[in-house]
Each structure stands twice: as C-alpha cells, then as structure tokens.
Amino acid sequence: MKNPLILLFVIIVYILGCTSSEEKVQKTPNIVLIFTDDQGYNDLGVYGSPDILTPNLDQMAAEGMKFINFYVAQAVCSASRAALLTGTYSNRLGIHGALDHSSNHGLNPDETTIAEMLKPLGYQTAIFGKWHLGHHPEFLPTNQGFDEYFGIPYSNDMWPNHPETKGYYPPLPLYHNDKVVDTVWSDQSMFTTWFTEKSADFIKRNKDNPFFLYLAHPMPHVPLFVSDKFKGKSERGLYGDVIMEIDWSVGEVLKALKENGLEENTLVIFLSDNGPWLSYSGHSGSAYPLKEGKGTSWDGGVKVPAIMKWKGKIPEGKVQQNPAMSIDILPTIAALTGAQLPSLPIDGMNISPMLIDDAMSSPQEAYFVYYNRNELQAIVMEEWKLYFPHRFRSIAPDQDFRNDGFPLKYTMVDLEGMELYHIPTDISEENNVIGDNTQVVDQFLKLADKAYLDMGDALTGKVGTNLREPGRIN
C-alpha cells in the first residue's frame, strides 16, 4: 500500500480487534472514564508536581499514553460534563456554567450520552460520584442511559457550609439511582472511598458483560475532604492528601480490572473537568506552567491532565503532543466499540489513531473555546491558539496566601485586542506573536466566521443557526 494513511488505518483496525466475529462479541471493550473536579495540570507527578505523590497515575501513564495538550470544552463544571458525555459543545446544547439546586433545566433527554450510545450493544452502565447535569428526575443519570447511580447531583460546595453563601443551599443530597438516600450536612470525608468501592464492585459484578463505568470524583473541588487513611500524608497539605487519595482510587480501579482479567479488554481514560480554582489558594491545585485557571479560557483553565491506557492496544510510555478535546471521547468510544453515533449532530471526532501513533494529529480542523453565555473567547488550531477580546477573571493583587478554605478575591481583566500564541514554544502564553503571523490569523478568522454562523458569539452579537435547547421543567 503506497498511501500511508490507508496502511495506518489497516494497522489500527487489526490492533483494535480485527478477529473472528465470535471473538468480537466476546471482546467488546469495556470503558472506564475517571473524571476529577478542578484538578490542575501540575497536580500529578507525571505532569511535574514537585510535592504530590501519584504513583498509580504515573504508572498508568508509563503503561499508556499521556496527552500534554488535551482540552475540555469549557472551564466550568456543568458545561464541561455536558460536552464530555455528549461529544458536543455544551453551548450548542444550552448548558452553561454550573447548575445548582435552583436550576430548572438540565441536559435535554433528546441528547445521547455515552451510556445511551452503548446500551444497544448490551453494555451495563454506571456513574459513581458527581452528575451536575440537572437534579430533577427527568435529568438524572438513570434517565440518561445509566443503569446505576450513586452520588451527588451537583458540586460538593453547594451545601449549607459554603463559606460565602450560608443559608442559600439546602443539605447536599446523596442519591442511589433516582432516590435521595441521605443528606450530607458536614462530612464528605468518605466520598472518594465510597465511589471507589462502588466502582470496584461494579467491575467485579460485570466481569462477564461489557460495561461503561463513569467514576466522576467530586474532589478536589472545594470543600476539601479526605479519609483518615490519607490525612496528613502529603507534603502539599490537605490538597495533596486529596490528590493522593484520588491516585489510590485509580490504583484500586486498575487493580479490580487486573484481578478480574479485564486489563487487555478495557480502555481506561483519566482527566479533569477543568483547571484549578485558584482563588482558594492553599486549597486549590496548580496549573503551572500554564496561564490562569478555572473559569478562564487560558490554558490553565481548559487544558487538563489526560492519560489513557489499554494494555496491549495503546503503546506504552507514549506522549501525545497534538491537541485533542473532551468532545472527541464519545465518537472515539463509538469507533472502538462499533456503537452507532447519536442521531443529533455532534462536534467530536474519532481520535483513536492518536492513541496508537503519538505523531498522529487530530482530525479536527480546530477546537472552539466558549465561555459564559456563548462567548467565543479562543480557538485552538494545531500548535496555535488565538484569543479574541473578552473579559476574564484573575486573582486580585495584594492578597495574602490562605489555607483555610476561604477564597481570595478576583478582579476582572479586559483583553482589549486579539492575541496569538505558539503553544509548543510558549506553553505559558507570555509572548503574543500576532504581529508576525498574519497568515495564521487569517486562517483563524475564517474559522471564527464558521463558528459565528454555526453556534453564534455573544461577544460580537452573532446568533448561531444550529443551537439546541436544554431540557426544561415547567
């Protein structure tokens, strides 16, 4: 074969299961998706953390692939989760920001989640941890393709003990499937352990069935809690303790797969929903060497640690430098399992070739970074990132470091003109090179025009023609 792309495709098909039809039925791959909350790019040893020990995640990276330019669609909880589970930009779906107990909308049941996509193939599906896509019955996981749910409906700080909004939130409900089985008033120290134990048990119970496990840790989102077994263990204080327990959790999941003979038939994906919530100072993670954090479209907000492992399928110890995004996970899983893509249009694309060849680039022309209510704030194209004028938050100057769980104050900063960064040579986004790359900028502006027509842009008053409504209650 003279065409190298055709040859690569044949190799991928062979590696990922080009065998007899009987063996294909038996070897439909399991999917484990581990999603943390507000974890920084620099919070793992394999990503350079100097003071947090993460041996299990480091080993997972050594046995799989580490992405160093993996993006989430938006740097905020609900929007990030909507994009992950549907393969679609969350602003297209009408999911913005972070839903709470007062929200009267959620992920539209007409949308197809990864769980719903896999159900026709006989997959058992479960979510343990944080949902955050609507707390009303019609929006709960059990009505969005999941057979089992044990966890909380929104963020763990949406409870009576929030330091700035006391009296606003009710007790934090703990769900089992579609019922509230407990309320959490003051102690979340067993969350990571409970959700890990549920995950290991789910794996054991379904070792003879294909399954999709979504382990969505509420931590290390504030308020920070850790079980006694990791309390005081880290040089990084309580935040480090929390990350060490999450690393233990990953180890327990990987151990359960190995003990049940499932290592060679399971794709494990680990990533965070967005960057660190920097205002919480000593109780937040680190995005170093990236710029800014959660709640911004700078790389510190939308670029996250991402590790993927599939023993015998993904080459060991590889580092993927080309950009990818969470919207690509659903179509990649579809390609690897033979599942049918959702009937409604999605934005993600199959990146399974990137898991085999670390030199392979994304099939996406570009990735669009929206924030707030449909503001197109940035675009990622290959090794470049362009920012449009917008307001963003940054830690206000002249504030003392805090380690008590109370936040520092933000100030709003105006980005007054477009800025262009070459990410491989300027990972911290410090050197604006827009004046030297007019042809690159022209490419970005053509991409922006497409996005304006498709999804709109609140910054320029453009109205998109392909937006969809979230689910709403009366």
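The largest cavity has a volume of about 50 Å³. A cavity here is a set of points on a 1 Å grid over the protein atoms alone, where a 1.4 Å probe fits but cannot get out. The volume is the space filled by probe spheres set on the points, with points joined across faces, edges and corners. This is a predicted model, so local features need pLDDT of at least 70, side-chain atom pairs count only at pLDDT 80 or more, and totals for chains, interfaces and linings use all residues. Residues are numbered from 1 along each chain as its sequence is written, and side-chain values use heavy atoms, without hydrogens and water.

The search of the whole structure gives five cavities of 30 Å³ or more. What lines the largest cavity? Leu-254, Leu-257, Glu-263, Thr-266, Val-268, Lys-309, Trp-310 and Lys-311. Lining means an atom within 4 Å of a point. By class, that is four nonpolar, one polar and three charged residues. Nonpolar covers Ala, Val, Leu, Ile, Met, Phe, Trp, Tyr, Cys and Pro; charged covers Asp, Glu, Lys and Arg; the others, Gly among them, are polar.

Helices (H or I, at least four residues) and strands (E, at least two) are DSSP runs, numbered from the N terminus. Take α8. After α8 comes Gly-261, with a positive phi near 65°.

Now the sheet. It is open, with 10 strands, mixed pairing and the order β8-β7-β6-β5-β9-β1-β10-β11-β2-β12. β8 (179-184) and β12 (318-320) stand at the edges with a single partner strand each, so one side of each has no neighbour in the sheet. Two strands pair if DSSP finds at least two bridges between them. β2 (residues 65-67) and β11 (residues 306-309) pair in the antiparallel sense over three bridges. Within that pair, Phe-67 has Ala-306 as its bridge partner.

Last, salt bridges. The count is 23, taking a side-chain nitrogen of Lys or Arg within 4 Å of a carboxyl oxygen of Asp or Glu. One joins the side chains of Asp-454 and Arg-92 at 2.6 Å, N to O. That pair links distant parts of the chain: Asp-454 is in helix α12 (residues 438-454), Arg-92 in helix α5 (residues 90-93), and they are 362 residues apart.

Notes:
On a 1 Å grid over the protein atoms alone, a cavity is a set of points where a 1.4 Å probe fits but cannot get out, and a pocket is an open set with protein on both sides within 12 Å along at least five of seven lines; lining residues have an atom within 4 Å of a point.
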